[in-house]
Amino acid sequence: MSKDVIMPQMGESLAEGTITKWLKKVGDKIERDEPLFEISTDKVDAEIPAPASGTLSEIVAAEGVTVPVNAVVARIAGEGEGAPAAAAPKAEPAKPEAPAKPAPAPAPQAKAEARPAAVATREPETPRPSTPKGDGQTKLEKPYGQYPVEEMRRVRSSPVVRKIAAEHGVDITEVAGHGISGRVTKQDILNHIETAPAPAPGTAPAPAAKPAPAMAPPPVMPAGAPMPMGGLFVPDLRIPPYVEGEPVEIEPMTIMRKKIAEHMVYSMSVSAHVTSFFDVDFEAVARQRTSMKHDMEEKGIKLTFMPFVVRAVVEGLKKYPYLNAAVMGDKIVFKKEINVGIAVALEDGKGLIVPVIRNADEKNLQGLARAINDLGERARTKKLMPDDVLRGTFSITNPGVFGGLMGTPIINQPQVAILGVGAIEKRPVVVNDAIAIRHRAYLSLSYDHRLVDGAMAEMFMASVKQFIEAGNVQ
Amino acid sequence: MSSRRLETSFLGRVSYDEGLRLQEARVAAVQAGTASDALYLLEHDPVLTLGRSAHRENIVASSADLSRLGIQVFECGRGGDVTYHGPGQLVGYPIMNLSPDRKDVWKYVRGLEEALMLSLAEYGIEAGRFERLTGVWVGQEKIAAIGVRVSRWVTSHGFALNVTTNLDHFRTIIPCGIRSYGVTSMARLIDTPPSLEEMGRLVAVHYARVFDREVVWMEEREPAGRPA
């Protein structure tokens, strides 16, 4: 009888682990509890003991492979009479992948421990205090432990704040905290004292400190309080995703899904998004493409409109380096390289990835076309290397693939601008006071108004438009 | 129920390999059940350490530069990529058994961050978390790095908090493989940073609070007072 060795759950929110080292070879005799392999999850390496004695008969997951929790990574044949899985912390009746219909999942306010195993990979979000983070850059994650809101405010306020509160007879739990973990900062308490001399009924600014399970009141920004950088916070999911008895099916997000979700919400919270639209004539480029298409095909290159757009973007970025930059606190980081990322949807429509053309300014049209073919193909077939998605300085996305006219893309952090290319199609337009049929498309540019003002965005877009409309792209 | 003992010591300057030996011995003892949890607080000679998942190319300085700066390079078994340790940086090695009630490495790392954030807050430094990047950040600059190893639920390695660290030394590497963001230190953020020992004692107090341990100081000297 053989015993499966599984990827242990090293923490309830960890959905996967990477095998970094096998300490035993196939055929080796092993004792139960002897170190068998090493895994690595975010910043943590762990040594995993064998769950049973016997002979290592098969290694299913090789070194370097990342597998979900509870996936079988090896098998032990053997002597031992199926010892209990000592290696698996939390020997839950684990349903590895495909979660069968989970038991009616708990409402969001349910205690973390009470969650059924099948939804274990969902972020076990304990209700967080209804507070924003102190400044837009430091992102608040869930606090350790499960302190009630009031306690968090009281216990974790600094001595200075407690002293001021005591002097003014203020109950700290009544003050909306904008510090880390909902801590009441000195500014909070001073504002509170200043703005709430007489607690007028009905206009009380401080959210009552009851563990309200329903919509928490949005944090009140006291008048005159400095708006935190970014000015936004990521609220908890306060509206339950479904009501009791509603027929639903719950499945865990893939890692990619989670990362996209986080990245997008983070971007919206940190950047001041503005989108401008330009109507661009692609007629010259369409003709050039038609004339070159055949030659390129013979070289094994599929020529799309994208390399033309990238060339135009590169020229624009050279003229307006503010769009090829990043924000670091109160500093501007100008990127010396022009590395253009292009969003590629995965074939099943579930997920996307943004491979990067490094030093796009050093490539001509043909070089770009080849690079785009290559990266696109490897993205769709999941053969990208980690390096292929790093160090982008500007991104392009394609809301027009299925006919979309235009989009308002979300900036790919830490970049400050992203170009959306709508459907390129023939349209009747006025040219020299006559109606003509031309290839046209709407280009949209979302940019971070912290760094890029409207005028600069417009100048950049005008440059892109001009480049494309001039045609004869090299 | 009384809290478990956390035998805490401030060791001053310790070489990196001596620190490793110290940890190994204690991990074995804690695993064997012959010693209680421990927290070693110390600072290292200048050294670059490569975690298990490290990429050599994240060391950007030449070996000539490194030896000129007196920086050694070590490979070790913790998680994470390249890290710099050196004088002025408070290094903490908690050797703690997460069994039976804290068997969650993700929460453990979050707890480490929490203890450091609470300690920094006492000096008026609003530190927090940043994106999904482990560590403690002030804005977009990292002030404390974290890399942990767990062996049979006993932790080793831990955190490195820049108090008065020479930040120029970080230019020899891409810290933790993260290119886009910088590093900072307490000295850069406040006028009068604490001594390493003072900061170590403060971190120990918050660590013990977060993890519900009782700090037991392992030397005869009276602990330095906490800042007002």
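Tutor: Two strands pair if DSSP finds at least two bridges between them. Helices (H or I, at least four residues) and strands (E, at least two) are DSSP runs, numbered from the N terminus. This is a predicted model, in which local features need pLDDT of at least 70 and side-chain atom pairs count only at pLDDT 80 or more, while totals for chains, interfaces and linings use all residues. Residues are numbered from 1 along each chain as its sequence is written, and chains are lettered from A and ligands numbered from 1 in the order in which they are written.

Student: In what order do the three strands of the open sheet in chain B stand?

Tutor: The pairing in this sheet is mixed. β4 (72-75) and β5 (82-85) of chain B each have a single partner strand, so they stand at the edges. The order is therefore β4-β3-β5.

Student: Which residue of β5(B) is the bridge partner of B:Leu50?

Tutor: Strand β3 (residues 47-50) of chain B runs antiparallel to β5(B), and four bridges join them. The partner of B:Leu50 in β5(B) is B:Val82.

Student: Is α6(A) parallel or oblique to α8(A)?

Tutor: The axes (lines fitted to C-alpha atoms, for helices over the stretch in contact; angles run from 0 to 180 degrees between N-to-C directions) of helix α6 (residues 306-319) and helix α8 (residues 454-470), both of chain A, come within 8 Å and cross at roughly 140 degrees. Angles under 35 degrees count as roughly parallel, over 145 as roughly antiparallel, 65 to 115 as roughly perpendicular and the rest as oblique. Therefore α6(A) is, relative to α8(A), oblique.
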